[in-house]
Structures are given as structure tokens and as C-alpha cells.
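Student: I would like to learn how to read a few features off a model. Can we go through them one by one?

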Amino acid sequence: MKKYFSIVLISIHFGLILFSCSISTYDNYYDSPSNKKENKLMQQISKFTNSNAVKLYGELSACQYGFSFYAPNVRSSGYISFENNQNIYYPEFHSKEAKIRFSVFECQISDFLLAGKDTLIKAKDEIKYDSLKSKYYDLIYKSISAKLFTQNKCTDKRSNIYYTLFDYPSLKSSRINKQAPKAVKLYELQTVLNK
Amino acid sequence: MLQQFDSKIHWLSFFRVSVAGLCLFNFLSLQADFNLLYSNEAYAPVSISYLLNKSNIIPSLIKIQSIFSDVMPIEYNTLLLIFRIVFIISLILLLLGFYSRITAFTSLLLFLIFHSTYDYYRYGFDCFINIALFYCFIFPVGNYNALTLSKKLIKNTGKYLKILQVHISIAYFFCGFEKILGINWRNGESFWKAIHDVNYTSIIDLNFLANTPFFLILGWATIILEMLYPIFMNIKKTRKIWLFGIIILHLSIALLMGLYFFAAIMIALNITAYYIPYSSSTFDFKTIEQIFNKKSKVSIISN
């Protein structure tokens, strides 16, 4: 009896892992919501994996994560910079690990800014959510601005904060002619400090 | 505390020590920047950044603070300090094997609460630590080489090993399968882009190889190693060569992208699942004791 019980539990465990991985692969393959085809099977699986009991077990055992590291393509990344009195500052950390974790956060900003360009093909509730998200990121920029201002003992009350996408030339173009990496400013916000 | 090392069962103690050790080192490496990342004085203060968190099943530190606010009002930074201390202690106890099941569960719970609060800093390393801590709670990792040994010794650890092997195999297969779906992994562009990411630091400059098929081969080698992992790691004849390839892959992730902790946990999981249980070595700690005892006797006599 005990043996059968453990077989059932193990089957559920691996079933959940396979479900989550399939959903993640499907989502990443049709990465834009407009490209996503109506697939009833995937909808049913998503419904099941989004129930509270499955979600709780999924979080405890990490079953709900797909394994799409750097797939299907490597994401673009960028960085936050702050300008005050013609000096440029960046969020700085002592350890490399802290820098990597902050860059994960920065990557989410670049994903949002790049996806924001497709607003025409988005549903109404998605646009509403995006406008909320952009307000949220505005708050984040302002808070980073304030932190860098005090950290670097800036004097000029007017400052700018930027989000810059780092665009390294592709392998194909590097073969043809040597190009310098491009920095594309995706976002700019002017802040004025009120004391 | 130390018993005869039998690789067929002691992979469990290696698993416990490597997982707890890596999680502890990772957490300690963040201590110098802890306030800049996690406190209310961080670049992205938790009170703002927490708003868009996806997880809501596991309570976050902010939720815990609000639940206890009526009974025991506590400042967020104080709660965070308590959390830091308890988490470090819990991981040290797990590493030493002190009531392993309880400390594994405590470590897993604290880990989940922390990442429920700071979901936006989570990356691949955390995903595999989460999996490993869950298995530390389920598997009898406190049975061997632990401070407090379980009363009931489980000698057949085969089914636990199979569970770990299947999970890792699924992970690698889907990793490779998703890569093959993207054209940029098939023409080498993704590898090129990954090593030139502005946020990663490579210690080797490979730009001089741009005009060679190096990146194309590397892209395909990654896909093949990952997608065929479940087959070739489970065939006795090919296991060692495939393991060698996978370790080289993770070492290059560490050297070319600077993701040291991610590479370390992946190597540790591979060694746990596919090297230690199949290595024929048995090692008796008592023989070391005897050698030391003999040596000390000789030195006393010679004096």
C-alpha cells in the first residue's frame, strides 16, 4: 500500500514538472500574446496549474518553473544611469553577486520597455495594466534617483535618470565590419529634488 | 559523526553539504550590499518594488510584518535583520546535519518567504536551490555524516537518487529543447550575445574567434549536450564523457558570464546525481584516525 502511495505521489510530482515545462515552452515559443494561438489543451493545463493547492506545492517544490534559461533567444539587457551636474553615476555594489541580482531587475525593465512598443496589438486590459506598470517603474526611477543623489552628495537639484539598452553588434555584422556597441536610450526622466 | 564512506549511499550527505554550503555562501556574499538591495533604503525600496510581485501563496516579509503589526509592532528593517540571522543559522545547522529534516524545512520556508518578497531579484541559481532544498527536506539527508543521525537508517537510497536524476534530466531536456526553437542558438548568435551582455563580466575575450565557426559549434554543442542529457547520462558507457561535457559547459558559464553560483550549483547537482553514486570508492574515516594515531605514537617515541 505504502509503495503504491509513493508511486502516485511521485507521478503527480513529475506530472506537474512536465506540465509546467510544457506551458513555459509554449509561452516562450509564442512570446507575444498576439501570436498566441487558442489552444484548449494548454488553457486547461494552465487552469489546473494555477489552482491554489497546485500553486502552493509548486512553490514549495519549485515544480511550477520552466527551465527556459536564455531560450529560445537571449534577452536584450540594459542599465540605469543617473546624471547630475554633467556627472554620470550608476547604482554600485560591493559584490558581483549583488550586481547580477540587480541586473535581473534591470532586465525586467528592458523587457517592459521593449514590449511597450507593441501597444497597438495589445488587449484593453493589458494596456491598462501596462499604464499601471509604467507608473510603478516611474516610482522606481525616482527612488533610484533620490538614492544616487544622496549617495554621491550631488549639489544640482535638477537631475536626469536614464534607462539605456546595450546593443552589441551581432556576430554576423561583426564578421563584415568592426562596429562599436550601441547604447540606445529607451527611457529618460527629469527629476527635481524638493528639500 | 563520520562513518565509512560508501558512495552508493553517501551521495546524500554530499548533496546536503553542497546545497546548504552554496546557499549559505551566496547569502553571505550579499551581506555587504544587503541594505542597497533589500532594505527600505535600497535603490528600489521594498515598499515600492514589492507591488508587482507575482507570488501570493507564500507570505512575504511585508505581509508577515502587517499580520503581526497589531500584536507585536516591529520595524521592517528589524524584521529583516532577524530573518538574516535565523536563515544563516538554519543553513549552518543543515550543513552540519543537525536535525536535518527540520532544518531543511526551516531553510526552505525562509528561502521561499525571502524570494516571495524579492521575486524580482530571482534568477536560475535560486530556482535550483529551491528544488534542492525541497529534496533535502524529502530525502533522508541526515542519515549519514550528520551531527544528529536518524535512528532509522535507510540503506536503500536508490529511489531518491532516481527522483533527483529524473528531475535534472527533465530540466536539461527542456533547456535544450527551448534553445533549439530559437534560430539564434542554431547560428551561434545567442552565445555571442550572452557573453557580451553588459551586466556579465567575462574573464576571457573571445572576439578574435568571430570569423571562425567557433560560436556556431558552441551553440549546437550546448543544444546537443542539454537535449540528449536524459539519454546519454543514463547509459553507463557514455555517462562519464557526458558529465565531463556538462561540467565544461557550466565552467564556461562561470568564466565567460561570471555566473559563479549558478555554475557551482549545477556542477554540484550533476556530481551528486551522476558521479558519486557510480564511483566505486569506499572510504573509511576510521582508517584516517588510525593513521593519525600511529603517526602521533611514532613522534612521541622519537621524542
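This is a predicted model: local features need pLDDT of at least 70, side-chain atom pairs count only at pLDDT 80 or more; totals for chains, interfaces and linings use all residues.

Student: How many helices and strands are in chain A?

Tutor: Helices (H or I, at least four residues) and strands (E, at least two) are DSSP runs, numbered from the N terminus. Chain A has 6 helices and 4 strands. Their order from the N terminus is α-α-α-β-β-α-α-β-α-β.

Student: How are two packed helices described?

Tutor: By the angle between their axes and the distance between the axes. Axes are lines fitted to C-alpha atoms, for helices over the stretch in contact, and angles run from 0 to 180 degrees between N-to-C directions. In chain A, the axes of H1 (residues 2-29) and H2 (residues 40-49) come within 10 Å and cross at roughly 125°. H1(A) and H2(A) are therefore oblique to each other. Angles under 35 degrees count as roughly parallel, over 145 as roughly antiparallel, 65 to 115 as roughly perpendicular and the rest as oblique.

Student: Which residues of H1(A) and H2(A) make the contact?

Tutor: Contact means heavy atoms within 4.5 Å. H1(A) contributes A:Leu16, A:Phe19, A:Ser22, A:Ile23 and A:Tyr26. H2(A) contributes A:Met42, A:Ile45, A:Ser46, A:Phe48 and A:Thr49.

Student: Is A:Gln64 buried, exposed or partly exposed, and why?

Tutor: Buried means under 20% relative accessible area, exposed over 50%, partly exposed in between (1.4 Å probe, protein chains only). A:Gln64 has 31%, so A:Gln64 is partly exposed. A:Gln64 sits in the loop between helix H3 (52-61) and strand S1 (77-84) of chain A. A:Gln64 and A:Phe19 are 45 residues apart in sequence, yet 8.3 Å apart in space, C-alpha to C-alpha. Leaving out residues up to four places away in sequence, A:Gln64 touches A:Ser20, A:Gly58 and A:Glu59.

Student: And where is B:His196 found?

Tutor: In the loop between helix H10 (189-195) and helix H11 (214-227) of chain B. B:His196 counts as buried because its relative accessibility is 13%. Not counting residues up to four places away in sequence, B:His196 touches A:Phe166, A:Tyr168 and B:Asn207.

Terms used
Residues are numbered from 1 along each chain as its sequence is written. Chains are lettered from A and ligands numbered from 1 in the order in which they are written. Side-chain values use heavy atoms; hydrogens and water are left out.
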